[in-house]
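Colleague: I have the coordinates open and would like to go through them with you. Could we begin with the enclosed spaces?

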Amino acid sequence: MPKATSKAYVFTRHGGPEVETFADRPTPSPGPGQLLVAVRAAGVNPVDWKLRGGYRRPGSPPASLPETLGSEAAGVVEEIGAGVEGFAVGDAVFGSTLTGGYAEYTLLPVAITAHKPDALSFADAAVLPVAAATAYDAVRQADLPPGATLLITGAGGGVGVAAVQLARGSGLRVIGTASAGKKEFVESLGAVHVPPGPDLAARVWAVAPDGVDAVLDLVGGDTLRAAAELLVDRTKLFSVADKATVPQLGGAVVVRQRTAAVLDEVAKLVVSGALRPFVTRTFPLERADEALRAVEAGHVQGKIVIEVGA
């Protein structure tokens, strides 16, 4: 049976790291279409500190403070809400959280929850719903034929690393911008590395004289504007990072599917070896603050996971 109260890492108001703290909160009860899950692992993402700072996803209600940090988790089903089919108590699952992932327990909506394959660790499963699923949606939306060239800006980040692998697996040539410190890593994934910064278009032209067929932008701002100059067909300009600017340039925002079916497909790719999650560091829940600081610093190579004791 779940505990009446359970530990979570929360933010008490909008702001910086100073608004974070551990709290004992009432263990949530699953409503219709929801699962109560005992968390085994939670992914740490830049969106976590952005939400703490006041950002809200389009269509999301205002924050109900204190709010538990974390957007994705993997664990074991403890209780099932009304109307739920296809899941049972004791199932190992992963998905997008309703009540935060940096916690002993969380709620997952069945619409964005998938069964964890036995061959997939909780840590690897926990980092798939945000970055890997975003990359999957983006590469599918680009819809390029084998042999085409895709430019990915921010190829060394969580979404970028997954997108490079998925694009290469689809037979695409990939050019990726990333910091000098991530050059070898990005090249090991099969991408042609190009440094970011001023005169980006000229550096891309140097390695792709025939141009690029599409751009997946994970940076935004001036990087997005520079990348747009490389395209004749701006309908092949896609951005995750700058939803305000990309339509002004003739491109489109990457549309997130947010479905269990996508999570199933991404998990199959990991099990088959076609996609590596690259979990490079793990922290216990008691050190959730350190995990988030590492991601907020912006220099992480691979993914960071918070592990919660079984």
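Predicted model: local features only at pLDDT ≥ 70, side-chain atom pairs only at ≥ 80, totals over all residues.

Colleague: Which residues line the second largest cavity?

Modeller: Its lining is made up of Ser96, Ile112, Pro129, Ala133, Arg256, Arg258, Thr259, Val262 and Leu263. The elements that contribute two or more residues to this lining are H3 and helix H8 (260-272).

Colleague: How much space lies in the second largest cavity?

Modeller: The second largest cavity holds about 40 Å³.

Colleague: And how many cavities does a search of the whole structure find?

Modeller: There are 2 cavities of 30 Å³ or more. The largest cavity has a volume of about 90 Å³. It is lined by 14 residues, of which Gly158, Ala162, Arg276, Pro277 and Lys303 are the closest to its centre.

Colleague: Which element gives the most to the lining of the largest cavity?

Modeller: That is H4, with 4 residues. The elements giving two or more residues to the lining of the largest cavity are H3 and H4. By class, this lining divides into 9 nonpolar, 3 polar and 2 charged residues.

Colleague: Let us turn to the pockets. What lines the second largest pocket?

Modeller: The lining comprises Tyr136, Val139, Arg140, Asp143, Leu144, Gln165, Leu166, Gly169, Ser170, Leu172, Leu269 and Ala274. Two or more of the lining residues come from each of helix H3 (128-142) and helix H4 (158-169). The residues divide into 7 nonpolar, 3 polar and 2 charged, and the space in this pocket is about 170 Å³.

Colleague: Now the sheet, please. In what order do the strands of the open sheet of 3 strands lie?

Modeller: The order is E2-E1-E4, and the pairing is antiparallel. Strand E2 (20-26) and strand E4 (67-68) are the edge strands, each pairing on one side only.

Colleague: How many bridges join E1 to E4?

Modeller: Strand E1 (residues 5-11) is joined to E4 by 2 bridges. In one place, Val10 has Thr68 of E4 as its bridge partner. Helix H9 (residues 288-296) packs on the sheet, where it touches E1 and E2, and the direction of H9 makes about 130° with that of E2.

Colleague: I am also curious about Val19. Where is its place?

Modeller: Val19 sits in the loop between E1 and E2.

Colleague: Is Val19 buried or exposed there?

Modeller: Val19 counts as buried, because its relative accessibility is 1% and the cut-off for buried is under 20%.

Colleague: Which residues is Val19 in contact with, leaving aside its neighbours within four places in sequence?

Modeller: Val19 is in contact with Val10, Phe11, Thr12, Arg13, His14 and Arg52. Val10 is also the residue whose bridge partner in E4 is Thr68. As for Arg52, Val19 and Arg52 are 33 residues apart in sequence, with 8.2 Å between their C-alpha atoms.

Colleague: One last topic, helix H7. Which of its residues are buried?

Modeller: In helix H7 (residues 221-228), the buried residues are Thr223, Leu224, Ala226, Ala227 and Ala228.

Colleague: And what covers the buried residues of H7?

Modeller: The covering elements include strand E9 (149-153), helix H6 (200-207), strand E12 (214-217) and strand E13 (237-239).

Conventions. Residues numbered from 1 in each chain as written. Heavy atoms only, no water. 1 Å grid on protein atoms, 1.4 Å probe; cavity = no way out; pocket = protein on both sides within 12 Å on 5 of 7 lines; lining within 4 Å. Points joined across faces, edges and corners; volume = space filled by probe spheres on them. Nonpolar A, V, L, I, M, F, W, Y, C, P; charged D, E, K, R; others polar. Pairing = 2+ DSSP bridges. Contact = heavy atoms within 4.5 Å. Axes fitted to C-alpha atoms, helices over the stretch in contact; angles between N-to-C directions. Buried < 20%, exposed > 50% of the residue type's maximum accessible area, 1.4 Å probe, protein only.
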